[in-house]
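Dear colleague,

I am handing over the structure below, and I would be glad if you could look through it before reading my notes on what was found.

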Amino acid sequence: MTRGEPGALLLPGSQAKCYFQAKAPCEYEGKQFSLGESWLSTNCLLCTCLHPIGVGCCETTQHPIDFPDWCEAHYDSQTCQISVVQKANPSLPCVKSVEHEWGSASTPEPLVNKVLGAGLGR
């Protein structure tokens, strides 16, 4: 990454991405921010002013990575939330049932009828 270019990094143990823009101004939607102040962008990034060296931004949503293939992740840009729903009927949450077993050796199985995605909020 050269000076002045945006860069991306992954935080260890996380699926969230962070970005750094060297020498970026601490301004967003016409408002000036000073060193250490943060703001939430319209694309759900939490940005922090690191003046005079630039601006750092990180995703605020946790991305689900281990769910059954009969489910899919849906992103709501209004709430900055990701929920896991059934592909066959996206209005229904992805839940464990008798006909659909899920989980893996590296992740604990959710409790019966517990909605995957509950508690993924900010």
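A residue counts as buried when its relative accessible area is under 20%, as exposed when that area is over 50%, and as partly exposed in between. Please bear in mind that this is a predicted model. With a relative accessibility of 12%, phenylalanine 33 is therefore buried.

Phenylalanine 33 also belongs to the largest nonpolar core, which has nine residues: Ala24, Cys26, Phe33, Trp39, Leu45, Cys47, Cys49, Val55 and Cys57. At least two residues of this core come from each of β6 (45-49) and β7 (54-59), and β6, with three residues, gives the most. Cysteine 26, once its neighbours within four places in sequence are set aside, is in contact with Lys31, Gln32, Phe33, Trp39, Cys49, Leu50, His51, Gly54 and Val55.

Turning to the aromatic rings, the count comes to two pairs. In one of them, the ring centres of tyrosine 28 and tryptophan 39 are 6.3 Å apart and the planes lie at 25°, so this pair is stacked. The pair links distant parts of the chain, since tyrosine 28 sits in strand β3 (residues 27-28) and tryptophan 39 in strand β5 (residues 38-40), 11 residues apart. Tyrosine 28 is partly exposed, at a relative accessible area of 21%, whereas tryptophan 39 is buried, at 8%. The rings of phenylalanine 33 and tryptophan 39 are stacked as well, because their centres are 4.3 Å apart and their planes are at 25°.

With best wishes

Conventions. Residues numbered from 1 in each chain as written. Predicted model: local features only at pLDDT ≥ 70, side-chain atom pairs only at ≥ 80, totals over all residues. Heavy atoms only, no water. Core = buried A, V, L, I, M, F, W, Y, C linked by side-chain atoms within 4.5 Å. Buried < 20%, exposed > 50% of the residue type's maximum accessible area, 1.4 Å probe, protein only. Helix = DSSP H or I, 4+ residues; strand = E, 2+ residues; numbered from the N terminus. Contact = heavy atoms within 4.5 Å. Phe/Tyr/Trp six-rings, centres within 6.5 Å; stacked < 30°, edge-to-face > 60°.
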